[in-house]
Amino acid sequence: QVQLVESGGGLVQPGGSLRLSCAISGSILSFVSMGWYRQAPGKQRKLVATITRGGSTNYDDSVKGRFTISRDNAKNTVYLQMTSLKPEDTAVYSCNLKRPRVFSPSVEDFWGQGTQVTVSS
């Protein structure tokens with residue numbers, strides 16, 4: 001099985017920075033992508049950033065230029081560096097890993113428990 005454990009959330013003032021970490025364990029050698037999603041109160045969860053097995057990255061338009069996703073293969077950890085934070089970035093941030101299903105063209109999702117990020121003065 002696959003386990004994801006996030007850390008690094010907290011309270012930060014507007015304009016500040018935070019770095020989220022997601023430690024991943026289990027059978028992930030064949031993973032397709034790792035990523036970060038967020039869910040604000042009363043809203044649906046949405047993609048923030050992803051990084052593929054080959055290292056390609058993708059960002060939601062709202063965070064481009066402010067957030068950076070990266071991966072440390074040796075530590076099986078994915079990071080989200082967040083800068084110039086805004087109150088609208090307040091949400092629960094969850095780590096995601098996609099892995100191919102056995103004998104199937106589809107992928108399965110694994111999620112962490114989430115970490116709260118609050119941007120407020």
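Predicted model: local features only at pLDDT ≥ 70, side-chain atom pairs only at ≥ 80, totals over all residues.
1. Let us start with β7 and β8, two strands that pair in the antiparallel sense over six bridges.

2. N76 is not a glycine, yet its phi is positive. You will find N76 in the loop between β7 and β8, the latter covering residues 77–82.

3. Now follow β8 to its other neighbour. Six bridges join β8 to β3, and the two strands run antiparallel. Within this pairing, R19 stands opposite Q81 in β8. Five of the six residues of β8 are buried, so the strand is largely enclosed by the rest of the structure.

4. On the next step along the sheet, β3, which spans residues 18–26, pairs with β1 in the antiparallel sense over six bridges. Here V5 has A23 of β3 as its bridge partner.

5. In which order do its four strands stand? The order is β1-β3-β8-β7, the pairing is antiparallel, and the sheet is open. Its edges are β1 (2–7) and β7 (67–72); each has a single partner strand, so one side of each is left without a neighbour in the sheet. On average, neighbouring strands of this sheet are turned by 15 degrees against each other, direction ignored.

6. The next thing to find is the disulfide. How many disulfides does a search of the whole structure find? It finds one, and this disulfide joins C22 to C95 with an S to S distance of 2.1 Å. C22 belongs to strand β3 and C95 to strand β9 (residues 91–100), so the pair ties together parts that are 73 residues apart in sequence. The torsion about the S-S bond is about -90 degrees, which means that the disulfide is left-handed.

7. Buried means under 20% relative accessible area. C22 has a value of 0% and is therefore buried. C95 is also buried, with a relative accessible area of 0%.

8. Why can β9 be called largely enclosed by the rest of the structure? The reason is that seven of the 10 residues of β9 are buried.

9. Several strands pair with β9, so let us take them in turn. Strand β4 (residues 33–39) pairs with β9 in the antiparallel sense over seven bridges, and R38 stands opposite Y93 in β9. Strand β11 (residues 115–119) is joined to β9 by three bridges, again in the antiparallel sense. Y93 turns up in this pairing too, with T115 of β11 as its bridge partner.

10. A further partner of β9 is β10, with antiparallel pairing over five bridges. In this pairing, R99 stands opposite E108 in β10. The hairpin of β9 and β10 has six residues between the strands, and F103 takes a positive phi near 55 degrees there.

11. Is F103 buried or exposed? F103 counts as exposed because its relative accessibility is 86%.

12. Last comes the empty space around the chain. Rolling a probe the size of a water molecule over the atoms shows where such space is left. The largest pocket has a volume of about 190 Å³. Which residues of its lining are closest to its centre? Of the 13 lining residues, these are R38, A40, K43, K46 and E88. By type, the lining of the largest pocket divides into seven charged, four polar and two nonpolar residues.

Methods:
Residues numbered from 1 in each chain as written. Heavy atoms only, no water. Pairing = 2+ DSSP bridges. Axes fitted to C-alpha atoms, helices over the stretch in contact; angles between N-to-C directions. 1 Å grid on protein atoms, 1.4 Å probe; cavity = no way out; pocket = protein on both sides within 12 Å on 5 of 7 lines; lining within 4 Å. Points joined across faces, edges and corners; volume = space filled by probe spheres on them. Nonpolar A, V, L, I, M, F, W, Y, C, P; charged D, E, K, R; others polar. Disulfide = S-S within 2.5 Å. Buried < 20%, exposed > 50% of the residue type's maximum accessible area, 1.4 Å probe, protein only.
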